[in-house]
Amino acid sequence: MSPSLADVTRGRILFGGDYNPEQWPEETWHEDVRLMKEAGVNSVTLGVFSWSRLEPEPGAREFGWLDRLMDLLHEHGVGVVLATPTASPPPWMGRLHPDTLPRDADGRVEWWGGRQHFSHSSATYRRYAAAITEDLAARYAGHPALTMWHINNEYCTFDHGDEAAAAFRRWLREKYGTLDALNSAWGTDFWSQGYDTWDGILPPRRPHYMKNPGQVLDFRRFTSDMLLECCTAERDIVRRHTPHLPVTTNFMPLWTGQDGWRWAREEDVVSVDLYPDPRDPLGAQRGALVQDLTRSQARGPWMLMEQAAGPVNWRGVNHPKPRGLNRLWSFQAVARGADAVCYFQWRQSRQGAEKFHSGMVSHAGPEGRTFQEVKRLGADLARVADQVSGTRITADVAILHDWHSWWAGDHEGRLSTRVDYPEVLTAWHRALWEAHLTADFAHPEDDLSGYRLVVVPQLYLLTDSALANLLAYTREGGTLVCGFLTGVVDEDDRVRPGGMDARLRELFGIRTLHEWWPLDAGETVACEGFRGTLWSEEIEPAPGAAETVPYRGGELDGLPAVLRRDRAWYLSTLPEPDALRSLLAGIAAGAGVRPVLDGLPHGVEAVRRGDLLFLLNHGREPVTVPVPGTHRELLDGTDVTDTVTLGRYGVAVLRS
Ligand code: GLA
């Protein structure tokens with residue numbers, strides 16, 4: 001069996017963060033470990049950005065400082081997630097080897113001086129990355145502090161340079177075999193783009209006018225694959241040295257650049273970085289979405305690799321977390337399956353680009369509110385850890401999501417640039433979240449038979465096997481709800497006849513989809529009982545096939561906004577939030593799906609994990625939550641009967 005997060009947690013919740021001690025004198029390291037102990041920190045990630053320290057000039061190795069740190073952390077009982085430092089090559093690499101630097105679509109070089117300035121296709125970069133990884137793994141394989149490997153950091157670069165172009169051609173040859181097949185898949189007869197030689201193919205560099213969508217889609221697939229090759233090359237090296245230790249790489253939340261389903265299969269531990277905006281009224285829900293997605297990628301417990309104890313510094317305006325919010329959002333992650341609650345970063349930097357980004361120890365020091373709250377959180381997590389760690393969440397609802405469909409639907413030539421896939425996904429997840437219906441995410445080709453309800457906010461691209469999967473799911477009694485722009489194209493981004501796959505039209509009782517009618521900013525469309533936003537459609541239903549909810553007024557008056565045929569529903573618009581919530585709640589009830597708890601006051605989130613019920617108050621006012629029966633509240637260690645009161649941003653963890 002391959003190693004997993006459970007091998008590291010051993011019944012605990014990991015608590016800690018990125019630790020960048022090379023920014024501090026050694027005296028500070030001693031204060032750090034003392035404070036870590038005080039806060040209950042049991043895990044730190046070392047070395048994420050240490051390459052220029054470890055290899056100050058080509059081929060040199062400076063491990064002494066890291067040896068001392070590993071020993072110090074071990075002496076203080078802090079486990080180390082050791083990172084390969086390959087996300088930020090030292091300046092000498094770009095200077096001596098310009099071929100390691102990526103280029104954007106305009107041909108501009110991404111220079112050193114920031115980070116992530118590496119070309120995934122560069123043989124030179126890969127050689128240096130492999131060499132430092134090899135030496136790091138060999139040196140620390142037997143170190144008792146080492147618990148896990150962290151490969152690179154937030155893989156996210158695109159490269160349009162020459163070496164990437166050659167790699168793109170190789171990737172395409174492998175995929176298509178012949179130029180005829182490529183020309184057909186990309187529809188190159190449009191605008192005279194037919195290729196007569198592989199050498200003529202480029203990454204989608206900036207053309208005079210719109211890019212070929214097939215080329216763009218394949219470039220995104222290629223980029224995800226190339227970054228994954230970099231990642232698995234390093235993973236394989238560390239695995240060779242420590243086959244018993246798990247390996248992870250941290251994802252960005254709902255990030256477009258990687259096929260997150262495919263990547264997750266290559267990791268022992270799935271981890272994510274999560275930074276909802278404390279001022280965003282939907283911050284908690286956006287967090288929940290990423291947590292649900294990460295849990296689904298992990299198919300079990302996952303690791304919150306990074307969050308902020310206070311403000312970030314990369315939004316226009318960066319707000320701190322009000323008192324209690326850090327604890328609340330940390331418990332939300334645990335409720336939704338995290339077995340690790342970690343931060344970027346341990347100690348706030350005094351220099352560098354992120355010196356105004358918070359740390360667990362802020363500029364205010366150990367007396368500051370941030371560290372005091374971190375300490376309290378560490379103690380609270382320790383109180384529930386043995387009852388939470390390793391337990392699972394069961395969901396009756398699946399939300400289908402696919403990166404390839406996102407990429408294809410994102411093309412500049414689409415009918416409305418207002419249709420933003422992540423926002424559509426968020427709107428649907430929000431409706432379920434507000435209805436207290438716990439949902440997993442799933443790939444459209446996954447086995448869906450364990451779910452009573454499957455929702456498809458928008459899968460513009462559906463492969464033949466995904467279509468067959470959805471049809472089989474409904475045939476076998478599942479309830480399916482699809483949003484607009486679903487099933488429009490095949491896997492080459494070729495529009496399916498009729499603008500929606502014929503089998504799907506049949507499923508929903510649609511005879512003809514005459515036109516798509518996107519809506520302008522601020523425009524809504526009246527439907528019977530609610531208003532639609534973003535999109536509408538001119539649909540002619542198949543006579544007698546479906547029950548419908550019509551549009552009212554305007555061009556589409558009387559035509560169906562919502563169609564339902566047996567257990568298959570189609571929404572040709574995005575209902576306003578309240579309407580989408582009650583629609584999905586009603587459909588879920590019909591499918592036998594119950595909310596986590598009835599009678600929850602506004603702003604309270606409830607999640608069941610294993611035998612525990614987590615209650616989270618996202619409001620600043622105290623609330624009383626009905627919880628029939630007697631339960632043990634694990635944070636206070638008291639018994640509660642029939643109701644529990646949650647203070648401002650309060651949390652309760654109940655065992656019945
Ligand atoms: C990411 C990175 C960190 C840091 C934080 C700041 O998550 O992985 O190195 O830059 O963002 O929010």
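Strands here are DSSP runs of E, at least two residues, and helices are runs of H or I, at least four, both numbered from the N terminus. This is a predicted model: local features need pLDDT of at least 70, side-chain atom pairs count only at pLDDT 80 or more, and totals for chains, interfaces and linings use all residues. Residues are numbered from 1 along each chain as its sequence is written, and side-chain values use heavy atoms, without hydrogens and water.

Is Thr248 buried or exposed? Thr248 has a relative accessible area of 1%, so it counts as buried (under 20%; exposed is over 50%, partly exposed in between; 1.4 Å probe, protein chains only). Now show its contacts (heavy atoms within 4.5 Å). Beyond neighbours within four places in sequence, Thr248 touches residues including Trp149, His150, Val269 and Met305.

Next, select helices α2 (26-39) and α13 (369-388). They pack at about 50°, with axes 8 Å apart. Axes are lines fitted to C-alpha atoms over the stretch in contact, and angles run from 0 to 180 degrees between N-to-C directions. Leu35, Glu38 and Ala39 of α2 meet Phe371, Val374, Lys375 and Gly378 of α13.

Last, select β15 (524-527) and β21 (574-575). Both are edge strands, each pairing on one side only. The open sheet runs β15-β16-β21, with antiparallel pairing; strands pair if DSSP finds at least two bridges between them. Four bridges join β15 to β16 (residues 530-533). Finish at Cys527, opposite Phe530 in β16.
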